[in-house]
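Please describe the fold of this model, with its strand pairing and its nonpolar cores.

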Amino acid sequence: MNPNDKSAPSTGDSLSMEFELPHAPEKVWRALTDAALLAEWLLPVFDFKLDPGAAFTFRTQAFPGWDGTVNCRMLEIEKHRKLSYTWSVPFLDTVVTFTLAPERGGAGTRLTIVQSGFKPDQKREFGGARYGWTMMGGKLADLLGRMP
Amino acid sequence: MVSIAEVQDRIFKALADPSRRAIFEALALRGGEAAVKDLTARFDISQPAVSQHLAALKDAGLVRGRREGRCAYYRLEPRGMKPLIDWIAHYRAFWTEHVDRLEQLLERMDT
């Protein structure tokens, strides 16, 4: 566990984590919004653009039946303060929100990461080219939705 | 202890095969127990092949089976897909690990 993680316990369908970083928000913002820097600490990213509504993808480890693509869409951009985008993988559509708050007179940053929407997606028609994942009729999606 | 990632990997692998997915889906749609011979009748594959697929699904924790005389019956394991949708634990570890890397990167960046 990261010693800087001062997270409140996450409840229900969202995950919330807080980190104290000894770097200015402007610098942290760069690491969150520059494709080359994102690839260094998060995942390789493709078509990343700071435009609301822009679609982009992260690429993670592939599994048989899933090529490892994380589909994203940019939601909110508040320079140096807030960045939010959707994060979709098979069975799951979530939203990731990064919030940056200056600390110690702007020399540090409190970074909050909230990921919400941890429920199996029941609306999506599973399968199709989007994930190369060709299973799941509505019944099974319902079943997943009813699981604890 | 088996990690969440390993369990997810096992589930993804079990369901990567189209025949296994079809069998799994047939059991899901049925909602209850199905005899192996009835499942075989629905698919264009041999009974040993169906049994083999069911064994793989069972190894992944997705179905459970019982034997009665010469007949084997299978049903969905209701909690089988839970590891796959146990996202929160998975992502907590994911972000913690990656924020560690972010801190290292910030140290290397100027200003």
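## Basis

This is a predicted model, in which local features need pLDDT of at least 70 and side-chain atom pairs count only at pLDDT 80 or more, while totals for chains, interfaces and linings use all residues. Residues are numbered from 1 along each chain as its sequence is written, and chains are lettered from A and ligands numbered from 1 in the order in which they are written.

## Chain A

Chain A has three helices and seven strands (DSSP runs, numbered from the N terminus: helices are H or I of at least four residues, strands E of at least two). Their order along the sequence is β-α-α-β-β-β-β-β-β-α.

Of its 148 residues, 20% are buried (20 or more other C-beta atoms within 10 Å of the residue's own, C-beta atoms being placed from the backbone).

## Strand pairing

Strands β5 (residues 82-89) and β6 (residues 92-103) of chain A run antiparallel and share eight bridges; pairing requires at least two DSSP bridges. A:V89 has A:L92 as its bridge partner.

Four residues separate β6(A) and β7(A) in a hairpin, and A:R104 in the turn has a positive phi of about 45°.

## Nonpolar cores

The largest nonpolar core has 18 residues; B:A14, B:I23 and B:V63 are among those touching the most other members. A core is a set of buried Ala, Val, Leu, Ile, Met, Phe, Trp, Tyr and Cys residues joined through C-beta atoms within 7 Å. In chain B, α1 (4-16), α2 (18-30), α4 (47-59) and β3 (71-76) each supply at least two of its residues.

Another core, of 17 residues, lies apart from it and includes A:L21, A:V28, A:C72 and A:L100.

Key. Buried ≥ 20, exposed ≤ 12 C-beta atoms within 10 Å, placed from the backbone.
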